[in-house]
Amino acid sequence: MFDIIDGMKKIMSIFITTLLACMCLVGCGGVVSDRDLHDADADPSLNPAIALVTLYSTGERGKVEPGLIACGHAYTSIENISGASIILGKGYELPAGGTVTIASWEFDAHSGVWFNIEPTYIDQGWFVKRKSITRKADKAAIDRINAYLRNGDTDKWTLTNNCTHFASRLWNAAADGERDDVKVKGLPSNLEKEVMRFKGYETARPHKSDLPIGYFSGDKFIEFKLEK
Amino acid sequence: MKLDAKTKKILKIAAVSALAILEIYLIYAAVASMTTYHHHPKFVSVEGGQVAQSSGYRSQFFVCLAFAILIPIGAGVMSYFFWFRKPKAVKAAQESSRVITFDSSAAELAATSDAAPEKPETMRFIETDEDPSPLHDNG
């Protein structure tokens, strides 16, 4: 009987030690901001910037009930800083001065890329601790973003092609080579740490938008409104 | 590894307790998933009234519900076999434990033998205490 208790004690101690080691490795490590964002204005090889691309990520639970798995969310926003409209993806019109968020969601109506969902979530108190980095994008960068958005495989949400993968890849499409690239991680909490490695990252960067909410079914935009 | 009866009992209690805790968690998780699902904003399409809402927690609700139903059913089936069917089988095996076996070789030997025709022992019965049941001790 004592042998069994001793054995169970050993198993418990091994389990607790492993758990603590994993927590130290995964969760408790501090993030050092050791990366600089590329200054597009100081680079004469780039064309004039027409948009600001922002990568957001947060691992917070939001309004998820305790005891459930909550992974957070990652998304991007594009702000038009030019004097003319910009066409995004299969035909989403971003007017001058407008901002739109783009993310991959698992929604019952459509599992894939959605436009402008996040402002509603933020209005309702989600993603309040979101971390973000912003860079300027010229026309060539917007063209690369559009090529990514028009790719058939992009508009599909799966566990291995989730919001984090989508946001990272969209940012990397706009990023200038490897200088501003982020590693494509599996979870928003991992991407959040990656974002926090950049000096001058922001917390809770505001973005309001009254632009249409929806997704593309083929080339047709299906517009949605928040149910009151 | 041979476990004694007390250890087996402790392991059984631990297994049943773990199942009970899992069942309670699954019921909680199913309710919490549905609550979280309703916390997400709901959108309606401008044309056609199609509803769009983040559906991850609804899928989680159905998974939790399925397991929460499967565990008691599985436990019921297991207990039926272990606590009802097994004792019955053991009892039946005990009743028929004294088996009478006809030894045909002895009869053959007697028939072909040139031995004296004095009162031949043509049939011989052997009583054994062999248990014909393949069931093992449940402990």
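**Close-up views of a predicted two-chain model**

Residues are numbered from 1 along each chain as its sequence is written, and chains are lettered from A and ligands numbered from 1 in the order in which they are written.

View 1. Chain B has a mean pLDDT of 78, with 68% of its residues at 70 or more. Residues 133-139 of chain B have a pLDDT below 50, and beyond near neighbours in sequence this stretch has 8 contacts in the model; two residues are in contact if their C-beta atoms, placed from the backbone, lie within 7 Å. For the complex, the predictor gives an ipTM of 0.80 and a pTM of 0.74.

**View 2. Where chain A meets chain B.** Here 23 residues of chain A are in contact with 22 residues of chain B. On the chain A side, the elements that give two or more residues are β5 (99-106), α2 (118-123) and β10 (220-226). Helices (H or I, at least four residues) and strands (E, at least two) are DSSP runs, numbered from the N terminus. The largest share of this side, 5 residues, comes from β10(A). By class, the side has 12 nonpolar, 4 polar and 7 charged residues, where Ala, Val, Leu, Ile, Met, Phe, Trp, Tyr, Cys and Pro count as nonpolar, Asp, Glu, Lys and Arg as charged, and the others, Gly among them, as polar.

**View 3. A strand pair across the two chains.** β10(A) pairs with strand β1 (residues 43-45) of chain B in the antiparallel sense, over 3 bridges; strands pair if DSSP finds at least two bridges between them. Look for A:Leu226, which stands opposite B:Phe43 in β1(B).

**View 4. β2(A) and its partners.** β2(A) is largely enclosed by the rest of the structure, because 7 of its 8 residues are buried. A residue is buried if 20 or more other C-beta atoms lie within 10 Å of its own, exposed if 12 or fewer, and partly exposed in between, with C-beta atoms placed from the backbone. β1(A) and β2(A) are antiparallel and share 8 bridges; A:Thr58 has A:His73 as its bridge partner in β2(A). β2(A) also runs antiparallel to β5(A), joined by 4 bridges, and A:Glu79 stands opposite A:Thr99 in β5(A).

**View 5. An enclosed helix.** Helix α5 (residues 188-195) of chain A has 6 of its 8 residues buried, so it is largely enclosed by the rest of the structure. Among the buried ones are A:Pro188, A:Leu191 and A:Val195. Their cover includes β1 (51-58), β2 (73-80), β7 (131-137) and α4 (163-174) of chain A.

**View 6. The largest nonpolar core.** A nonpolar core is a set of buried Ala, Val, Leu, Ile, Met, Phe, Trp, Tyr and Cys residues joined through C-beta atoms within 7 Å. The largest has 47 residues, and those touching the most other members include A:Ile102, A:Trp114 and A:Leu170. α4(A) gives the most to this core, 7 residues. Not counting residues up to four places away in sequence, A:Leu170 touches A:Thr76, A:Ile102, A:Ile145 and A:Tyr148.

How values were computed. This is a predicted model: local features need pLDDT of at least 70, side-chain atom pairs count only at pLDDT 80 or more; totals for chains, interfaces and linings use all residues. pLDDT is the predictor's confidence in each residue, from 0 to 100.
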